[in-house]
Amino acid sequence: MKYILMMNTPGGGPYQVAQWPQQDLKAHIAFMMGFAKKLGESGELVAAEGLAGPDQAQRVRAGQDGKPITDGVFPESKEFLAGYWIVDVESPERAYEIAAQASAAPGPGGAPLNMAIEVRQVMSGPPKDLP
Amino acid sequence: MPPSLDTHAEHLLRDLAPQVLGAVIRRFHDFSASEDAVQEALIAAATQWPREGVPSDPGAWLIQVAARRLTDHVRAEAARRHREAIVVSLVPPEQQIALAADHDGASGRDDSLILLFMCCHPALSPSSAIALTLRAVGGLTTAEIAKAFLVPEATMAQRISRAKQSIQASGVPFQMPTEEERAQRLGAVMHVLYLMFNEGYTASSGPELHRSDLSGEALRLTRMLHSHLPDDAEAAGLLALMLLTDARRAARTGPAGELIPLTEQDRSLWDPRAIAEGIALITTALSKGAVGAYQLQAAIAAVHDEAARAEDTDWPQLLALYSLLMRLSDNPMVALNHAIATAMVHGPAAGLELLKALDADARMVGHHRLDAVRAHLLERAGDSEAAITHYKRAAGRTTSLPERNYLLTQAARLSDARKPPPR
């Protein structure tokens, strides 16, 4: 079963990595790299990416002529997606476990951030729930 | 450019690979090194056979080449150890390969069965067991397996190498499980093959070709299992179940990959040969007594496949079979199908009554299938309003894209029917 683990964080909230002291930032990056490596080695990692901040995001929709109309930037957005992992695991419980580990990534002062991570199953083929 | 192998030789290599791997592992007790050596032997065959012809005993040829590679490897390793003067192996490598390279009593056919039992080890997670089986017994490349599971190749490579390590670490000897172990291990083997088949039998998600490769491989391996254990009625039942299910493949999806339910399928697209073979198998198996879950599921599939039109389906027979299956396993999905069969025989109200019991089952809480079945029975009972609600609820709960699209379409169809026709 594949799950996407989405690290959502409030705009202007605790995940302002750019403002962290270098040591804390380094520790955080090292944690995230090690975490991805560990998931890769267990054969559970499908994909993982960090995303640029909302202050670089544009909202796009098609105009009457089908051409893109852009809007933004929205630096004041309430919540944004900081990054995600897609994992392929045996059970939802395992996905929750991985999410909890990611949530405990170190923040300023090395204290765990305990950020909320949204876990959703990735839709795929018909479920295998025959007896 | 050297001439390439013809199809016959390619099939030969694929069939021989697990036997050769089995024979080499039995001798050298090292899964990974043996696999590498067998890969090299297969490559050697692919380049030499087109030029020099297929040897008279191709299996022995491959074993010999693989053993030679491993011997070289062991020698090099020993030489290195010697140079480093740390320890001297108690068993000289020469002695390890003193056996005749082609034959040592056991037949090659048993080796591929043992390999299957090893790969479907109960200690491995099902998905790891499937991956390892496809790699070692099926001879699929890691890239092919990764594609079938829609994960990156690196992810699959790690999963397979972990599985190999777990087997190595568990110290399972490379031999046929004893009669006692057999029952438990055979259960795991059949479960893995069953899951492998289901994985491949999914509809339009991902590159379909590769998915059907999976069910094709599951069928091939189950055929092998059945030919090794012809008296095992459950192995026969599993093979019959796969054949009878796979026979409907062409009719299961529409041009856009959408799901077509059993009742609406074009039955002329079903494969009559697979159906005939499956029915013959399950008929023989059932006559042997000791009826198991795979046999019952095969019998159910056979009843569906035997009906020329959906309305000819022998529902009383299906109801009886589901009742038997319910006694064998405490599976809420079986109970759900039992309720459907009840509705087909005794009317939708009787089916809806049985669904109430499932509402109390913790394993079914929030399960989309329960909502979908309830929606269907409500529609048949004439309660469109409630049916729409449950179709929509089921659509929101499924994690299958084709299924969600199907359920939403059902809800929309009922909604449209209630509206006055547009002017």
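**Note on the predicted two-chain model**

1. B:Asp111 counts as buried, because its relative accessibility is 2%, which falls under the 20% limit used for that word. The structure is a predicted model, and every value in this note should be read with that in mind. Although it is buried, B:Asp111 forms a salt bridge with B:Arg26, and the closest N and O atoms of the two are 2.6 Å apart.

2. Over all chains, the structure holds 23 salt bridges, and the next points take up some of them.

3. In chain A, the side chains of A:Glu41 and A:Lys37 meet in a salt bridge with an N to O distance of 3.2 Å. Both residues lie in helix α1 (residues 22-41) of chain A, where they stand 4 residues apart, or about one turn of the helix. Are these two partners buried or exposed? A:Glu41 is partly exposed, with a relative accessible area of 33%, whereas A:Lys37 counts as exposed because its relative accessibility is 55%, and the limit for that word is over 50%.

4. A further pair in chain B is formed by B:Arg249 and B:Asp246, whose closest N and O atoms are 2.9 Å apart. B:Arg249 counts as partly exposed at 23% relative accessibility, and B:Asp246 also counts as partly exposed, at 22%. Elsewhere, in chain A, salt bridges that share partners join A:Glu44, A:Arg94 and A:Glu97 into one network.

5. How many residues of chain B are in contact with chain A? There are 33 of them, and they touch 21 residues of chain A. The two chains bury about 2,200 Å² between them, and 54% of this area is on carbon and sulfur atoms.

6. Across this interface the rule finds 1 salt bridge, in which the side chains of A:Asp88 and B:Arg159 meet at 3.1 Å, N to O. Between chain B and chain A there are also 8 residue pairs in polar contact, counted where both residues have a pLDDT of 80 or more. On the side of chain B that touches chain A, the elements that give two or more residues are α6 (126-136), α8 (153-170), α9, α16 (332-346), α18 (368-380) and α20 (401-418) of chain B. The residues of that side divide into 12 nonpolar, 15 polar and 6 charged.

7. Helix α9 of chain B, which spans residues 179-200, also holds B:Arg185. This arginine is buried, because its relative accessible area is 9%, again under the 20% limit. Leaving aside its neighbours within four places in sequence, B:Arg185 is in contact with B:Phe117, B:Met118, B:His121, B:Pro122, B:Val172 and B:Pro177.

8. Finally, an unreviewed UniProt entry lists residues 13-78 of chain B as "domain: RNA polymerase sigma-70 region", and this label is taken from the record. Over those residues the chain is 89% helix and 0% strand in the model, and the end C-alpha atoms are 31 Å apart.

Notes: Residues numbered from 1 in each chain as written. Chains lettered and ligands numbered in written order. Heavy atoms only, no water. Buried < 20%, exposed > 50% of the residue type's maximum accessible area, 1.4 Å probe, protein only. Contact = heavy atoms within 4.5 Å. Buried area = accessible area lost by both parts, 1.4 Å probe. Salt bridge = Lys/Arg side-chain N within 4 Å of Asp/Glu carboxyl O. Polar contact = N/O pair within 3.5 Å; in protein donor to acceptor, adjacent residues only side chain to side chain. Nonpolar A, V, L, I, M, F, W, Y, C, P; charged D, E, K, R; others polar. UniProt positions renumbered as here; feature names shortened; annotations may be inferred.
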